[in-house]
Every structure is written in C-alpha cells, then in structure tokens.
Amino acid sequence: MTAWRLAALAIALLMLLPLGVAVGALATPTGDIWAHLTEHVLPAVVRNTAGLSVCVAIASAVLGGTAAWLTAMVDFPGRRFFAWALLLPLALPGYVIAFALAGVFDYSGAVANLWQSLFGVRMPRLGAGTASAVCLSLTLYPYVYLLVRQAFVTQGQRCLEVAQSLGMDRLTGFRRVALPMARPWFATGVALVVMETLADFGTVKVFNFDTFTTAIYGAWFGLFSLPAALQLSALLLLFVALAVAGEQFWRSKARYVSRDAAARPRYLVVSRTQALLACTFCVLLFAVAFVVPVLQLVLWAIEMASSEITLRYWSFVRASVSLGVMAAVFVTLLGLLLGYSERRAPGIATTWSVRIATLGYAMPGTVLAVGFFVAVSATGDWLGVTLTGTILVMLLAYAARFLAVGYGPLGTGLQRITPNIDDAARGLGVSGLSLLRRVHWPMLRTGVATAALLVFVDVMKELPITLLTRPFGWDTLAVRIFQLTTEGEWQRAAIPALAIVAAGLLPVLWLHRHSDRH
C-alpha cells in the first residue's frame, strides 16, 4: 500500500470519527436523562423534524422546479435577469432570512399595519413550524432550481416536440416526458434540501421550533450531558441516511438524456397573459426570498449603524475572517491530498477512501461538533494535554463538513491534467517540484481559488459548529447574530447579517459565471 493510499485512508478515517463516536454512544447508559428525553422531548422532535423535512422538500421542489422550467423553457419579459437572480437567496443563511422576514411581518410592522387597515382584522400569525418551513424553503429552493434548470436546458424544446409528434399537448408532454427525464436532477436537488433542513439549527432556533439539532444543543448545554447529545446525534444520522438512500433510489430508476451543448436553445412562445403570469411568479419569488429580507436588513442597519459599529464589532469580523481563512487553507490542502492520492494511487481502496472522506456534507454540523469534541477530548486526556477549547476541534469539524465542497473543484482540475501532459513535460526535462510549479499549478490555480472561496464563505455562514466548539473570545458574525436574535434584538443583528450576505454573494456570482447564461 503506497503512501498516497495510506494518506487517503487516514483522511477518510478522520472524517468518519464523529460518526463512530455518535453510533458508539448508543451503548452508553444515560439513566434518567435519556428517560426524560424519551418521554418529553423525543416524540415531538421526531415529529417536527420529519414534518419539516417533508414540507421543505415539497415546497422547494415546487418553487425551484417551476422557476427552472420558466427560465429555461419559456420566453417572457425578464427571463435573462431571473435566470441568475433567482440564485441570490443562496447568499442568505436560513437564520438571516428567518429573523428578517419575522421583522417584516411582525405585529407592529408596516405589513401588519397595512393588512389591518385593508381588512380591519389583525394579520394571521404563522406557527413556529410553518414559519420555519417557509423560511427554509425560500433559502433552499435554489438547490433544486440550479440542478433542474440545467436538466431542462439540456433537454431543450426537443423533448416537447417529440411529445407533440406523439399527439400530446404541452402540459401532457411536460408531465409525461420532460418531468420524468429531469427526475435525477430533482432527486439530487431535493436530497440536498432535505439534508440542509436536517442540519439547520439557526432557522428553527429563531422560531423556537424543536428539532433534533436544537435538542442536541439543549442536551449538551441545558442538561450538560454529552452522551445524551451523542445519542440524539446518532438518531439524527438515521434521518440523514434515509435521505441519502432515497436520493440514490430515485436516481437509480431514472435515465439521463443530453443534447448538443452548442445547440442554440429555443424557448416556448406563449400568450401575453401566460408570459405575464410567468414574470409575476418570478418577481414574487425573487422579492420574498431576497429583496424584501435584504431591504429590511438595510433599513435596520442604517438605523443601528451609529451604535453598533464599534471596536467590538470589528472583533467579530476578525474572528469570522480568521476562521474562514484557516478553514479554507486546511480544507484545500486536504482536498489536494485526496486528489493527488486518487491520481497517484488509483484503485478501489483509494476511490472508496475519497468517497467516505467527502460524506461529511450529509452530516449535520451539530453531530460533527459533538462527535469531534468528544473524540478530541478523549485524545487529550490520553496524551495528558488539554485539546478542547482550542481551534483544533473547529477545524476538524469544518473539514468534515466542507471537504466535499473543497474537493469538487480540485478533483475537476486534476482530471484536466492527463498523464499525457505529464509525459510531455518529463520529455522536456520538467519533473518533480518543477513539474508541480510550472505545469500543475497553472492548471490548478482556478480550482484551488474556487475551493478556497467556497469553503471560506461556508465557514463565514456556518453556525452550529462555531457556536458549539468555539474557544473563549472567538465569537463570529454568525454567533453574534444568534446571540442577538435569541434576545429578540433583530435590529441589532442586521449589520452582521448584511456582512454575511455580502460574503455569500461571492459563490453565487461564481455559479452565475460558470452556469448557462441564456
């Protein structure tokens, strides 16, 4: 077994560590605490988590799928703008859009006052579960939209032309031909939505809606029981496994189709009324999911700027940027090591090591935080040193969560460096470190920058790992938002929220640049 294969295996085992800790905790007795959780907490948590996941999956599929069809297939005013603008809600973390929309529709807000003046009654208030589902759907539908739109762009109008040649109208052709052909992309997008919903902590915390993530947090910091938190984490992983298995099942039953990417896309010509309806749908979705929350944040930020932008505020910025940079460097290096291991020591063992190492995207941050905290604490006790309360736990958890994000661009970049390129370089006398510097680095530079950028922004927005494992004095912008929204200080949370939104726009613009622009 080569050193490269051993390196890939070591990374895979490290990423599996929190999973093993969580599953192993099922055999640890927790006495009265687990009895209390089973009787008073677990039934509601299971019901809420399952119901929230199903509702968000359905709503995201409907919103994302409809928007994808309209912008990919229908010619209506504003189509080119909405094709990329509907991705912008990706820049808003769920907990940001949650408290922003909560402020917009608050009883004392302008919307509530307008409603009462128009209808003479107070505006109905959404329950905690419904509000959480709405906010998560608005921030997660772009996952479905991005993938399904690529499916519809790939299919083009030809699938409908084939359906019409078989005697089907447009609606029947869409239902019986276009939609089934896009099922693999729908399955992947919905699976991502479900996994993000299961991992969400900030949004449900804003509305005090109990799910597994809030229960894990309560078991650790409320009941002071790490074993109970780990056992809840193991149960949450069962939900994640079901989501992954469901995605694989639906994709296995589908067939892919493609057309010539260079072919000029053609759009359906619809009536003026239908075009107006398509434009109205996109306007409303874009307004509610992005414009209204951001506008509310801007108004709050202007109101609170003089009192909130202090030296302490810049310490939150420094902590967020520092952690983002450290995590980006660490994850990018691990991604490069994985990529070169797969390149230099190909085989089943290396392939499976890479797959296992990049499974962390499916594991909620709360699970990773608790698992690595316990594992690092036990390691420190064995070595006789204190490792908890350091940045080590955070970096390991970040790496497990975002290694798939960092590895993706790097793996793609390495695939472009074929063995023929290496052979040609060696034939010209270029080898060793010189080969890496003069041949590989210029071809990998864009992938490295992309991987580092994506990881940096994800860490800037990440809440549960940072909240649960941060050392003393390392409060980030996300943690500051959590602290303020927990106290109901929504206006004061606007400035750090806008800073996170600004950072979140970077990968969205990158996605727009590298996606279909029609």
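In this predicted model, Ser225 sits in the loop that joins α11 (212-221) to α12 (226-252). Ser225 has a relative accessible area of 5% and is therefore buried, the cut-off being under 20%. A polar atom of the Ser225 side chain lies 3.2 Å from the backbone nitrogen of Ala228. Apart from neighbours within four places in sequence, Ser225 is in contact with Ile33, Ala219 and Trp220.

Ala50 belongs to helix α2 (residues 32-73). Ala50 has a relative accessibility of 30% and so counts as partly exposed, a class that runs between the 20% and 50% limits.

| Residue | Relative accessibility | Class |
|---|---|---|
| Ser225 | 5% | buried |
| Ala50 | 30% | partly exposed |

Helix α1 covers residues 3-24, 22 residues in total. From first C-alpha to last, α1 reaches 30 Å, close to the 32 Å expected at 1.5 Å a residue. The helix carries a kink of about 40° at Leu16, shortly before the proline Pro18. Pro18 is itself buried, as are Arg5, Ala7, Ala8, Ile11, Ala12, Met15, Val21 and Ala22 of α1. An α-helix has 3.6 residues a turn, so residues three or four places apart point the same way. Among the buried positions of α1 are Ala8, Ile11, Met15, Pro18 and Ala22.

Key: Residues are numbered from 1 along each chain as its sequence is written. This is a predicted model: local features need pLDDT of at least 70, side-chain atom pairs count only at pLDDT 80 or more; totals for chains, interfaces and linings use all residues. Side-chain values use heavy atoms; hydrogens and water are left out. Helices (H or I, at least four residues) and strands (E, at least two) are DSSP runs, numbered from the N terminus. The expected span of a helix is 1.5 Å times one less than its number of residues. The bend at a residue is the angle between axes fitted to the seven residues ending there and the seven starting there. Buried means under 20% relative accessible area, exposed over 50%, partly exposed in between (1.4 Å probe, protein chains only). A polar contact is a pair of N or O atoms within 3.5 Å; within protein, one must be able to donate a hydrogen and the other to accept it, and residues adjacent in sequence count only if both atoms are side-chain atoms. Contact means heavy atoms within 4.5 Å.
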